[in-house]
Amino acid sequence: MVLRRRPQLAEDVAASIRQQIVTGALEPGSFVRIDETAAELGVSATPVREALVSLRGEGLVEQVPRRGYRVGELSRQDVDDIFWLQGTIAGTLAGRAARSITPEHLDRLTALNDGLRDAVARSDTESVEYYEFEFHRFVNKIAGGTKLAWFLLGAVRYTPRLYATDKRWGEDAVRSHEELIEAFARRDVEAADDVMRRQFRQWDIGAESTPS
């Protein structure tokens, strides 16, 4: 994958490397070679260095004197903690959204879920990611929890994108969204919170391929 040149290039490089780490493509103990990574992504060495400094701050890589950057351990507990954090924040936001939902909101969420259903049926990974992201973004917008949504977005960065290629997960997500929309229609705060937490726990499908 070649990244397009734009101002946040270092962030894009960091996102690419981060996904390779959380999916296990880059194994613990392996080194991230700056020149090789730059060539692979079609960028100069500078944004790769900046990205690695950022990932070092996140604890995903460590700097080894005279050898470069080495991938750190990502334990099963780390993965569990990430999904717990995502589910807790997303559930809280869904509960808040249930209090202020409108018929117009329900129509928009239904349309987004219909788009997701179609994308899953066509195995269109890019569209699955788009509709899944937009569905949750709209829920967060309804909730109005800007700061919480920001923390959630930060946590989602560590979610392996393997879920978008898993048709069973996609079908489960569509059903989960239907349950959430039904809870919203009833203005059932507790049910909306529970449904959202359960969906985020389903994202753990890639855990078996994650280093332990």
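This is a predicted model: local features need pLDDT of at least 70, side-chain atom pairs count only at pLDDT 80 or more; totals for chains, interfaces and linings use all residues.
**View 1. Strands β2 and β3 pair in the antiparallel sense over four bridges.** Residues are numbered from 1 along each chain as its sequence is written, and side-chain values use heavy atoms, with hydrogens and water left out.

**View 2. Three strands form an open sheet in the order β1-β3-β2, with antiparallel pairing.** The strands at the edges are β1 (31-32) and β2 (61-64), and each has a single partner strand, so one side of each is left without a neighbour in the sheet. Strands of a sheet pair through backbone hydrogen bonds, either parallel or antiparallel.

**View 3. Helix α5 (residues 103-121) and helix α8 have axes that come within 9 Å and cross at roughly 165 degrees.** The axes are lines fitted to C-alpha atoms, for helices over the stretch in contact, and the angles run from 0 to 180 degrees between N-to-C directions. The helices α5 and α8 are therefore roughly antiparallel to each other, a label given to angles over 145 degrees, while those under 35 count as roughly parallel, 65 to 115 as roughly perpendicular and the rest as oblique. In the contact (heavy atoms within 4.5 Å), the residues of α5 include Leu 106, Leu 109 and Leu 116, and those of α8 include Val 174, Ile 181 and Phe 184. By class, this contact of α5 with α8 has 10 nonpolar, four polar and four charged residues, where Ala, Val, Leu, Ile, Met, Phe, Trp, Tyr, Cys and Pro count as nonpolar, Asp, Glu, Lys and Arg as charged, and the others, Gly among them, as polar.

**View 4. Helix α6 (residues 125-143) and helix α8 (residues 167-185) have axes that come within 12 Å and cross at roughly 20 degrees.** The helices α6 and α8 are therefore roughly parallel to each other. Among the residues that meet are Phe 135, His 136 and Val 139 in α6, and Trp 169, His 177 and Leu 180 in α8. The residues of this contact of α6 with α8 divide into eight nonpolar, two polar and one charged.

**View 5. Helix α4 (residues 76-100) and helix α6 have axes that come within 7 Å and cross at roughly 60 degrees.** The contact is made by Leu 93, Ala 94, Arg 96, Ala 97 and Ser 100 of α4 together with Val 139, Asn 140, Ile 142 and Ala 143 of α6. By class, the contact of α4 with α6 has six nonpolar, two polar and one charged residues.

**View 6. The secondary structure of the chain comes to nine helices and three strands.** From the N terminus on, the elements run α-β-α-α-β-β-α-α-α-α-α-α. Of the 212 residues of the chain, 46% count as buried, that is, under 20% relative accessible area, with exposed meaning over 50% and partly exposed in between (1.4 Å probe, protein chains only).

Definitions and conventions
Helices (H or I, at least four residues) and strands (E, at least two) are DSSP runs, numbered from the N terminus. Two strands pair if DSSP finds at least two bridges between them.
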